[in-house]
Amino acid sequence: MRFRSVLILVALLCSPAIARAMMFNVTLTSGDGQFPGKQAAPFGNTVGPVDIDLTPDTPGLLQIAQFSGFQPGQVFPYEPGASTTITQTLTVNGVSTTVNRTLTLLQPGACDLVQALSPVTVTVDLGVDGKVTLTLATPATLAFPCSAGQPSPNTIIIVPGTTTPINAAVLDNFVFYKVKGSKGAPKLLPFGPVELDNLFDFAAVDVTKITALGLPAGRNGAGVFDDDTHLLSYAIKRRKSSGKFFKLADTVIPNECGRLYVTLVKLESLLVPVNSGASPSVPDTGTSEVDHFVCYKAKMQKKRLFNGAKVDVLPKGFQLSAADHFQTRRYDVKKVTRVCLPVDKSGTPIVLKTGNPKPITPSSIRHFDSNLVCYQVKPAKSLIAQNACGPLVPKDKGTKIVPAPAKQEKQLGVQTNGQLGAATLDTASELEICVPVAVELPLA
């Protein structure tokens, strides 16, 4: 099972005498929960032990462990509102406090489960070192108990010295819409070179045009972690000086359907965090944890190229629902289109047509394991009951959605702003849904 959770740590410095940087050792452990008549299972999270620097107003990062591999019928009932209690123990500098939390099923299904943990705030009294208040808040999360994935870390944010939490460093799903420049608005002038460096590829590229706008989206009834930060997709062209990109076969995408294999074909696009709205500002890296991404066009494989073995595939009739700022809609999921990896961005580019400087702000990778896998989607015309991967009943064609879903309403004059500049855009149809996944590259 996979949970996405947020732990926000707030140090309440009680007097001027202790208003200074201090190190606190933090551990969170969880007992099992059990629904009536079902097997017990570890529905909570485990953190630490880890040392946290509680310098006032200085954010730090923490990892939480996730759980997976549950079979749904063994541990979950299928009634909305079913709940169980888990016990969690918070230990700060050796001082422990135990709290109870309620886990509630909001939208149970055969393998799809939306659930929520009750928020809890606990104060740990450390005597002469003052008091530390820890708030455990978990948005409604989507779980896939049929997944064969392994426990994996997920970044969360520690914010000492303030009572205003910043956005969690947990990557959202994004619905991407095709866009074009609004009539009368300044057009993007191609520029380059921009230097992009990720874990396995370095390239100098020219940025040629804006192609799509990605909106954070709640998937299958789940919430979002960062409502404000969008992603703007720019078409890029690799410079000859960077050499040819050699296709990377047998790239693994673990998901609800098992382990999909794709070949990364070529460098395709750059995703840049942007804010949207009336006169938007550039996203603040102190409050937004969304990285830049470089995307590679991906081609799905039916077998491993390494040894010819057959691999898992996306079934026909695979659907999901997504809710973003524009709309809530159910989609047919077609195929993997691109794989996006976090990237360092730098360089001193010029506008290609005029030679004038085009100053850009460098950015560095902050979350190396935050990848996005993008799937081509189309609005669904029929509703097909789903398990974790595809139709609940094989080959089910579903029931017609009545009335038929309306076409996506075009949004005109959408203003965005990011490190590559401001833009005013008109949206068109949906293109993709990009999902956070721990991609496995076949690299030595």
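**Aromatic contacts in a predicted model**

I'll start with a cluster: Phe200, Phe245 and Tyr296 are joined by ring pairs. The model is predicted, so local features need pLDDT of at least 70 and side-chain atom pairs count only at pLDDT 80 or more, while totals for chains, interfaces and linings use all residues. Residues are numbered from 1 along each chain as its sequence is written, and side-chain values use heavy atoms, with hydrogens and water left out.

Rings of Phe, Tyr and Trp (its six-membered ring) pair if their centres lie within 6.5 Å; planes under 30 degrees apart are stacked, over 60 edge-to-face, and the rest tilted. The count by this rule is four aromatic pairs.

Take Tyr177 and Phe326: the ring centres are 5.1 Å apart and the planes are at 65°, so this pair is edge-to-face. Tyr177 belongs to strand E10, and Phe326 to the loop between strands E17 and E18, so the pair ties together parts 149 residues apart in sequence. Strands are DSSP runs of at least two residues, numbered from the N terminus.

Is Tyr177 buried or exposed? Tyr177 is buried, at 0% relative accessible area, whereas Phe326 is partly exposed at 24%. Buried means under 20%, exposed over 50%, and partly exposed in between, with a 1.4 Å probe and protein chains only.

Phe200 and Tyr296 form a tilted pair, 5.6 Å centre to centre with 35° between the planes. Phe200 is partly exposed at 24%; Tyr296 is buried at 1%.

Last, charges over rings (NZ of Lys or CZ of Arg within 6 Å of the ring centre and within 35 degrees of the ring normal). Arg338 lies over the face of Phe176, 5.0 Å from the ring centre.

Terms used: Helix = DSSP H or I, 4+ residues; strand = E, 2+ residues; numbered from the N terminus.
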